[in-house]
Amino acid sequence: METDTVLHGQLQPNAYRTLQPQAAQAIQHGQPHLAHHPLASQPGLDLSGLDDPDSTFHQDLRLQDPHGQHPFQLPRSFDRNHGHRPMHVQSASPHTPQQQQQHNGGQFGILTTESMQNNSIARLQQEEDLFGTPEGSDQKSNGHLSTKIVVAPPNLAEWRQRLFDVDDMITLSEEEYQTYFPHVDNVYSHRSTQTYKRKPFVSHYWDCRLKGRPPGTPKSNDPNKKKRKRTARERDLCDVKIKITEYLPGAMLDENFVPDGGHPDQSNNFFSSGQPGGQAIHQHQFGMALVNSSLNTPHPGAGGQRYYTIQRVNGNGGNGKGDGVPGPHKHTLAESDRIKKNSVQRFVMKKDKEEKKTQKTYHKKATGNALATVRKHSKDHELKLFGSCFCPFVQRVWIAMEFKKLQYQYIEVDPYKKPQALLDVNPRGLVPGIRHGDWGCGESTILMEYIDEIGAAYPLLPPLNSPQRRADSRLWADHVNRKIIPAFYQLLQAQDFNKQAECTKKLQEEIAKIVEASDAQGPFFLGHEMSFVDIQFAPWMIRLTRVMKHYRGWQDPAPGSRWGRWLDAVENNEHVKATTSTDDLYIDSYERYAQNRPNTSQLADAINGGYGLP
């Protein structure tokens with residue numbers, strides 16, 4: 001040890017051995033004369049406090065005699081109470097290299113180059129930490145429950161299968177145990193914990209959950225007691241029992257350490273002679289070994305850390321004779337997962353449930369002007385529009401029907417539940433859908449053309465004698481569908497700031513193309529009247545100012561610009577206003593897109609996957 005070297009450098013060997021028994025004799029007889037002893041005059045040594053008549057120190061302290069027969073001993077630091085620690089949640093992999101601390105004891109394990117203020121054993125143990133306990137750890141058991149949650153650690157499937165099989169003894173670091181065992185605690189049910197007064201470990205016994213247990217209380221005959229809807233499982237379906245041995249911090253740093261199960265070379269391959277945990281080969285001077293020098297760093301307890309072993313101690317007749325030899329489970333891991341969810345799964349489900357309570361969701365009923373229009377068209381009619389108040393594809397067909405002044409029935413549906421009436425119209429279960437007598441169809445652009453053709457008044461497309469203008473309208477309507485709408489959702493669903501900036505520029509460019517192709521005077525695409533292209537684009541125009549501005553800071557157009565005049569004309573059109581709900585409906589309904597939540601819609605999935613509109 002480093003302090004031994006310092007002492008040898010300060011004292012001559014003869015003086016060193018001469019002073020040692022005198023110092024011990026003075027301590028044993030409680031003589032307050034050490035301050036005047038020649039040993040105290042040696043440079044670098046501070047013996048202040050050794051003349052303190054501390055009865056505990058005098059009674060328990062035993063120093064090494066000159067012949068090395070009686071080594072100094074301390075009470076074991078792991079003889080303390082056991083308890084649980086609070087749960088700690090972690091979303092990433094927890095594994096980091098564990099650092100070993102070096103402890104420099106003095107010649108007898110008590111004399112150091114630093115001052116000792118109290119000479120009680122507790123004070124000495126705290127300062128010297130003779131078992132090499134890492135800083136911040138304690139000798140209390142963590143209990144049979146894990147103290148952290150790691151949702152998706154590396155190699156989870158392999159670890160779960162290994163902890164299910166337990167074909168051989170498994171040795172885990174504290175991090176590994178805390179990380180992976182909660183993922184299989186649905187397989188096992190805790191039965192008992194055994195503590196030991198003078199051993200540095202605690203044993204936790206778990207049964208396979210399919211073994212079952214008798215009911216704790218008899219059934220009540222009280223007719224007023226609420227019945228619990230539970231189905232009793234069949235018992236004794238599996239006899240596997242495992243023992244989890246929790247080794248307390250500093251256990252392996254004691255040269256006399258014997259693991260659970262007996263002699264070091266008879267229990268675990270880690271504890272054979274010459275292996276980590278085996279008997280120490282090297283002894284320090286005066287018979288005091290503060291570090292088990294045979295420990296190798298790959299073993300999780302080599303640096304004095306807490307670690308665990310897991311072994312199967314009972315089973316289903318592993319040798320086929322049914323004589324109690326531990327055997328494997330009588331079922332698969334999948335069956336255990338079916339019976340009960342593990343702690344991590346239950347934690348995630350609870351967290352998701354709590355988050356959903358605070359998350360905004362899509363609205364199922366129109367508001368504002370749109371609600372008034374729904375009520376106006378609530379009576380049964382042969383022409384039926386199946387729609388959802390938040391859907392822009394529905395709104396474009398709805399605007400067209402209002403523009404054409406058609407009589408129809410509006411039916412609000414939840415597209416995520418796909419009612420049968422909607423599936424009869426559109427087998428894909430997407431809105432909008434139209435049923436006209438016995439005929440039904442989906443797809444908003446096709447429905448707009450159908451609506452335009454069944455009503456001669458107020459045409460959406462230019463007249464038949466203007467085939468080029470009709471073609472131009474269809475061309476730029478296709479631009480809205482293939483360029484502007486995907487760019488809109490790419491920006492709304494982008495989570496990275498740089499990606500949002502990139503998508504903003506792309507959407508602005510696509511809008512600029514259609515603005516440049518529009519009539520110069522306007523204010524609508526073909527001039528002073530709303531037409532097919534305006535209605536195709538209108539729902540996303542109003543969502544730019546309500547949704548995109550709220551979630552992505554979309555900028556309003558410059559006043560008086562061509563784009564600004566077109567946007568104002570659409571916003572103030574009576575048919576657009578009649579089918580538009582209040583702002584909060586759109587803000588709430590599009591929060592899912594803005595956060596890019598999983599399973600938001602087929603459209604959102606298509607955008608994330610880089611596909612076209614569904």
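1. In this predicted model, the lining of the second largest pocket draws at least two residues from each of four helices: α11 (392-403), α13 (444-454), α14 (467-493) and α21 (602-609).

2. The space in the second largest pocket comes to about 640 Å³. Its lining is made up of 29 residues, and those closest to the centre are Phe-393, Leu-430, Val-431, Leu-603 and Pro-614. Sorted by class, 16 of the lining residues are nonpolar, nine are polar and four are charged.

3. The whole structure holds 21 aromatic pairs. One of them joins Tyr-362 and Phe-390, with 5.4 Å from centre to centre and 55° between the planes, a tilted arrangement. Tyr-362 belongs to the loop between α9 (343-358) and α10 (368-376), and Phe-390 to the loop between β8 (383-387) and α11, so the pair ties together parts 28 residues apart in sequence.

4. Are the two partners buried or exposed? Tyr-362 has a relative accessible area of 13% and is therefore buried, since the cut-off for buried is under 20%. Phe-390, at 7% relative accessibility, is buried as well.

5. Each ring of this pair also has a charged side chain over it. For Tyr-362 it is Lys-364, whose charged end sits 4.5 Å from the ring centre. For Phe-390 it is Arg-592, which lies over the face of the ring at 5.8 Å from the centre.

6. Which residues do ring pairs link into a cluster? They are Tyr-177, Phe-181, Tyr-188, Trp-206 and Tyr-308.

Key: Residues are numbered from 1 along each chain as its sequence is written. This is a predicted model: local features need pLDDT of at least 70, side-chain atom pairs count only at pLDDT 80 or more; totals for chains, interfaces and linings use all residues. Side-chain values use heavy atoms; hydrogens and water are left out. On a 1 Å grid over the protein atoms alone, a cavity is a set of points where a 1.4 Å probe fits but cannot get out, and a pocket is an open set with protein on both sides within 12 Å along at least five of seven lines; lining residues have an atom within 4 Å of a point. Grid points are joined across faces, edges and corners, and a volume is the space filled by probe spheres set on the points. Ala, Val, Leu, Ile, Met, Phe, Trp, Tyr, Cys and Pro count as nonpolar, Asp, Glu, Lys and Arg as charged, and the others, Gly among them, as polar. Rings of Phe, Tyr and Trp (its six-membered ring) pair if their centres lie within 6.5 Å; planes under 30 degrees apart count as stacked, over 60 as edge-to-face and the rest as tilted. Buried means under 20% relative accessible area, exposed over 50%, partly exposed in between (1.4 Å probe, protein chains only). A charge sits over a ring if NZ of Lys or CZ of Arg is within 6 Å of the ring centre and within 35 degrees of the ring normal.
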